[in-house]
Amino acid sequence: MNLIQSYFNKTITYNNINYLGGYQSAVINWLSMAYSCLLLKKHNPTDNLIFYGNEDIVRILGDLFQLPYDNYKIIEANDDFSNWFYCWPKILTYEDQQNPFIHVDIDIFMWKTLPSSLRNAPLIAQHLEYDSTFYLKVYDQMKKDNICFPDFMKVCCENNIIKSYNAGLLGGYDLAFFDEYIHEIRNFLEINKSKIALSERKFLYNVVFEQWLFYGLSAKYNKSVSTFYNKPIRNFDMEDAHVPLQILNLKKLTYLHVMEYKRNWACNRFIVYKMRSEFPDVYDRILSICKQKGIESSLYYDFSANNDILFNFKSIKEYYCNSGSFSDIEKLENEKNDVEDFNIINTYKGRRSELIKLQDEHNISIEKIRVSKYPNQPFRLALSPLLKVSGISDFLLRKLLNKKAAESVSDWILLKLYNPIFNTIDRFMWTKDKYQLLLSLLKEENINEILTSKTTLSVSLQKIKEFIAQCIFDGIIVIRL
């Protein structure tokens with residue numbers, strides 16, 4: 001079986017790799033791609049792992065970062081479709097396959113071998129989708145643009161529900177089907193090219209010709225499609241596959257597709273922590289190269305803090321503020337917080353190497369909890385010594401909660417936590433009651449048992465477990481042996 005990954009981007013060059021890719025920094029973007037590749041290679045060592053990209057991307061991943069793909073292949077897409085559709089080069093990648101394959105998106109992390117149910121299937125996809133929300137808006141746009149589609153696709157759009165296969169994973173050994181699939185995609189795009197050219201929302205058609213058409217064509221021939229997730233996903237409600245919940249609940253991980261969560265704070269932290277602990281040599285290589293290429297990042301070991309970069313990660317972890325123009329009061333409030341954060345970082349900068357080692361040990365302990373490999377000796381949970389509890393101004397409260405008068409400033413606090421790996425301050429806005437709850441839970445003798453319990457817990461205990469687990473991931477709580 002050939003495992004295929006692809007990535008195409010004409011804005012990135014060998015000499016300019018400063019591209020966020022939706023993440024909070026360019027460094028994390030490259031770490032994410034590397035982590036996806038390295039996990040596939042680790043858990044599927046006998047498979048042929050092939051990467052497809054345009055020349056600059058191939059040189060970056062192959063020559064610079066030296067990711068261990070068995071083969072690199074260059075595809076240059078320079079037509080209108082490549083300018084309009086992000087997934088068009090991916091279609092060209094499917095078209096190049098002469099042997100059974102599974103294409104795995106570059107933002108998918110897998111911690112186990114691909115199951116035989118997929119390896120031996122004629123057609124596979126990540127999951128079946130039923131959607132009556134976003135996809136209906138896509139369908140409305142198709143009607144507005146007067147798009148023509150083949151009769152076999154009508155089955156995708158019945159009873160105000162759009163049926164589709166998610167292409168996070170796509171492939172199989174039925175290559176004859178894929179030949180027709182590619183042929184139908186080309187027909188669909190050529191017939192509608194002049195209409196799509198006039199559309200102001202061309203990007204919407206990516207899901208139509210890659211995912212909807214795959215569903216319609218498989219239905220036309222009554223083809224069975226094996227999926228990674230057995231149950232259909234309705235209205236994008238991923239439940240157990242919800243990315244932030246997967247990361248924060250500290251359960252064992254088998255499969256994670258980042259998708260729209262690339263800006264998520266926990267997701268960015270997670271990728272860095274995992275690459276540091278599991279593939280430290282590649283992690284160091286990517287950081288070194290990014291630094292040589294002039295990309296600024298607080299992840300560098302010799303990073304010197306400055307206000308231009310220091311606070312890229314300063315959004316509150318609980319509520320999100322609305323962006324707007326800076327008033328004099330707002331500038332004053334932000335400057336005051338920045339000065340306080342800068343002083344905290346200066347306090348710890350001389351101990352950063354020591355504190356990084358402690359945080360690495362903490363992250364390793366988290367992984368032991370995930371896979372039920374608990375330390376032989378008893379462990380306890382405690383507040384991080386790097387945590388600072390601050391008051392919060394009435395102005396900042398109004399701004400962050402986006403409320404006018406419903407909350408009292410006396411009920412809220414700001415938690416500031418020095419993160420030595422990122423060399424910055426993570427902020428969390430909590431109610432005082434929530435903080436007092438955490439303090440009381442840490443005094444409970446059986447809190448460790450709740451955290452590591454394998455039995456079904458009551459609703460209240462499950463919520464406590466999730467709360468403690470998130471605090472551990474955030475670093476507010478540390479694990480002490």
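Mentor: Let us begin with Y35: apart from residues up to four places away in sequence, Y35 touches F109, W111, K274, M275, E278 and F279. Y35 belongs to helix α1. This is a predicted model, in which local features need pLDDT of at least 70 and side-chain atom pairs count only at pLDDT 80 or more, while totals for chains, interfaces and linings use all residues. Residues are numbered from 1 along each chain as its sequence is written, and side-chain values use heavy atoms, with hydrogens and water left out.

Trainee: What makes these residues contacts of Y35?

Mentor: Contact means heavy atoms within 4.5 Å, and F109, W111, K274, M275, E278 and F279 touch Y35 in that sense.

Trainee: Is Y35 buried or exposed, and how do you know?

Mentor: The relative accessible area of Y35 is 0%. Buried means under 20% relative accessible area, exposed over 50% and partly exposed in between (1.4 Å probe, protein chains only); Y35 is therefore buried. Of the 481 residues in the protein, 55% are buried.

Trainee: Why is M259 called partly exposed?

Mentor: M259 has 21% relative accessibility, so it counts as partly exposed. M259 sits in the loop between β11 (255-257) and α10 (265-278). Its phi is near 50 degrees, a positive value in a residue other than glycine.

Trainee: How do you know what is a helix and what is a strand?

Mentor: Both are DSSP runs numbered from the N terminus, helices being H or I with at least four residues and strands E with at least two. By that rule the protein has 18 helices and 16 strands.

Trainee: Why is α1 described as roughly antiparallel to α11?

Mentor: Helix α1 (residues 26-43) packs with helix α11 (residues 280-292) at an angle of about 150 degrees, with axes 10 Å apart. Angles under 35 degrees count as roughly parallel, over 145 as roughly antiparallel, 65 to 115 as roughly perpendicular and the rest as oblique, so α1 is roughly antiparallel to α11. The axes are lines fitted to C-alpha atoms, for helices over the stretch in contact, and angles run from 0 to 180 degrees between N-to-C directions.

Trainee: What makes up the contact of these two helices?

Mentor: From α1 come V27, W30, L31, A34 and L38, and from α11 come V282, Y283, I286, L287 and C290. By class, there are ten nonpolar, no polar and no charged residues. Here Ala, Val, Leu, Ile, Met, Phe, Trp, Tyr, Cys and Pro count as nonpolar, Asp, Glu, Lys and Arg as charged, and the others, Gly among them, as polar.

Trainee: Why is α10 called oblique to α11?

Mentor: The axes of α10 and α11 come within 5 Å and cross at roughly 120 degrees. That angle makes α10 oblique to α11. In this pair, V272, M275, R276, S277 and E278 of α10 meet P280, V282 and Y283 of α11, giving five nonpolar, one polar and two charged residues.

Trainee: What makes α6 and α8 (205-220) roughly perpendicular?

Mentor: Their axes cross at roughly 105 degrees and come within 10 Å. Because of that angle, α6 is roughly perpendicular to α8. Y135, V138, Y139, Q141 and M142 in α6 meet Y205, V207, V208, Q211 and W212 in α8. The buried residues of α6 also pack against β6 (124-131), β7 and β8 (161-172).

Trainee: What makes a group of residues a nonpolar core?

Mentor: It is a set of buried Ala, Val, Leu, Ile, Met, Phe, Trp, Tyr and Cys residues joined through side-chain atoms within 4.5 Å. The largest has 108 residues, and W30, F65, L381 and W430 have the most contacts inside it. Helix α1 gives the most to this core, with twelve residues. A second, separate core of 52 residues includes A125, F177, Y205 and F214.
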